[in-house]
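Subject: Structure handover

Hi,

Here is the structure I promised to pass on. Please open it next to this email and follow along.

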Amino acid sequence: MHADLLIHAEWILTVDADNRQLTDHAVAVTDGRIQAILPYDDARRTFQAAQTVELPGHVLIPGLVNAHTHAAMSLLRGLADDLPLMTWLHEHIWPTEQRWVDTQFVADGTRLAVLEMLRGGVTCYNDMYFHPEITAQVTAEAGMRAVIGMIVVDFPTGYAASADEYFAKGLALYEHYQHHPLIQLAWAPHAPYSVSDAPLQRVAELATALQVPIHIHLHETADEINNALRAHDERPFARLDRLGLINPLLAAVHMTQLSDAEIARLAEMGAIVVHCPESNLKLASGFCPVAKLFDAGVNVALGTDGAASNNDLNLLGEMRTAALLAKGIAGSASVVPAADALRMATINGARALGLADEIGSIELGKSADLVALDLRDPHTQPLYHPVSQLVYAAGRHQVRQVWIRGQQVIRDGVATTMRVPEILAEAQVWAARIGAASVRE
């Protein structure tokens, strides 16, 4: 039997319903899809492969899913550190964006982010930023998978002047990419404090009509809740529920301020939470109650947030932080075990983006979005349990091979679809330009 690709790894973590851990198995790939998963000796007898990749000492996992980021903001990495969220946004990030963000900024920033994510084993990301047409184009050119946000805010920006223009541009983008193999779309209203009722209601209606996700920052800080109560005598969650946005299409990001009743309502409505532990810690935003959400049956995915507030796009690091933080908050070492942390970064993220039938686990018929990490480094030896070693000890420098739809985008740690020197040179140009302007001001 023919296969385009046969990948033989020492361990395979399938992240399927049974969380199988396979030893000395192979994955056969044809036409970008997983054709078979079987013991390597059987694979050699069964398949004549155009290419065979031998990975001794490696663990093969599903591609990681970064369920929340702002890719182009990689160009603002380290610009305004160690500040609370609203000071960071209002006094630094938004003024800088108003001055500098254009199509070239988004193109160069997205290339830098895509390169970083691919080299860290992220094969799919969920983005929210201006000029999403550029983000989609750059991502597709790199052979990466993404869910691109159709951004909505109340105020005019360099991207759109009114709510009607945001919606018109979003719908045009949806039409352009609705059949694309790598690019999907989501509605991305920024936050309850930056989008008023009428646009939020329209988002709910269009998301239902098009069956695309809704991606929004929600209950990120205590100040957000207090300001909403002072202004409207209503918590943001209740407002979104009233407007019809608490539903199975919702991917609510951050959610550090949740009551038990809100957790129960999330579970009842099938809405999803995207946890960004390191960004929340850095901005002192609060703690997402992950263990309580899991106990209630809420799907929790993982995101990095943007590099301007993290300051990296390292989903392996987020797995470890999420697991450790959840244990500390719950006062129990058994909550969010390593296998659950891996699910948060893979299949849970795929479900959050409506892509669980396509990616997030290593199963027959799914897209061959696969990542191999070399666990032979000193800090991942000796090795007793591959999933624990992956979550608690491995680093993204150990990502050696990455495939998306069967195409190898990282080979031996090197990007195959991107011009690395040019990307780094452009980042340095932006650093000099923005940095010089900041000094003058």
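Predicted model: local features only at pLDDT ≥ 70, side-chain atom pairs only at ≥ 80, totals over all residues.

**Annotated residues**

Start with the UniProt record. Its entry is unreviewed, and it lists Glu-97, His-190, Glu-220 and Asp-305 under "binding site". Where do these residues sit? The lining of the largest cavity includes Glu-97, His-190, Glu-220 and Asp-305.

Take Glu-97. You will find it in helix α2, which covers residues 85-100. Is Glu-97 buried or exposed? Its relative accessibility is 9%, so Glu-97 counts as buried; the cut-off for buried is under 20%. Setting aside residues within four places in sequence, Glu-97 is in contact with Met-73, Leu-76, Tyr-129 and Phe-130.

Now Glu-220. This residue is in a loop, between β9 (214-218) and α7 (222-232). Glu-220 counts as buried because its relative accessibility is 4%, and buried means under 20%. Which residues does Glu-220 touch, not counting those up to four places away in sequence? They are Leu-85, Tyr-193, His-254, Thr-256, Gln-257, Leu-283 and Ser-285.

**A loop residue: Asn-299**

Asn-299 lies in the loop between α11 (290-296) and β12 (300-302). At 16% relative accessibility, Asn-299 counts as buried too. Look at its side chain. A polar atom there lies 3.1 Å from the backbone oxygen of Asn-348. Leaving aside neighbours within four places in sequence, the contacts of Asn-299 are Ile-272, Val-273, Asn-348, Arg-351 and Ala-352.

The largest pocket holds about 330 Å³ of space. It is lined by 19 residues, and the closest to its centre are Gln-211, Val-212, Pro-213, Leu-353 and Gly-354. Which element gives the most to the lining of the largest pocket? That is β8, with three residues. By type, the lining of the largest pocket has 14 nonpolar residues, four polar and one charged.

The second largest pocket holds about 200 Å³. Among the residues lining it are Gln-104, Asp-108, Arg-111, Glu-141, Arg-419 and Glu-426. Here α3 (103-119), α4 (132-141) and α16 (420-440) each supply at least two lining residues. The lining of the second largest pocket divides into four nonpolar residues, two polar and six charged.

Best wishes

Technical notes
Residues numbered from 1 in each chain as written. Heavy atoms only, no water. UniProt positions renumbered as here; feature names shortened; annotations may be inferred. 1 Å grid on protein atoms, 1.4 Å probe; cavity = no way out; pocket = protein on both sides within 12 Å on 5 of 7 lines; lining within 4 Å. Helix = DSSP H or I, 4+ residues; strand = E, 2+ residues; numbered from the N terminus. Buried < 20%, exposed > 50% of the residue type's maximum accessible area, 1.4 Å probe, protein only. Contact = heavy atoms within 4.5 Å. Polar contact = N/O pair within 3.5 Å; in protein donor to acceptor, adjacent residues only side chain to side chain. Points joined across faces, edges and corners; volume = space filled by probe spheres on them. Nonpolar A, V, L, I, M, F, W, Y, C, P; charged D, E, K, R; others polar.
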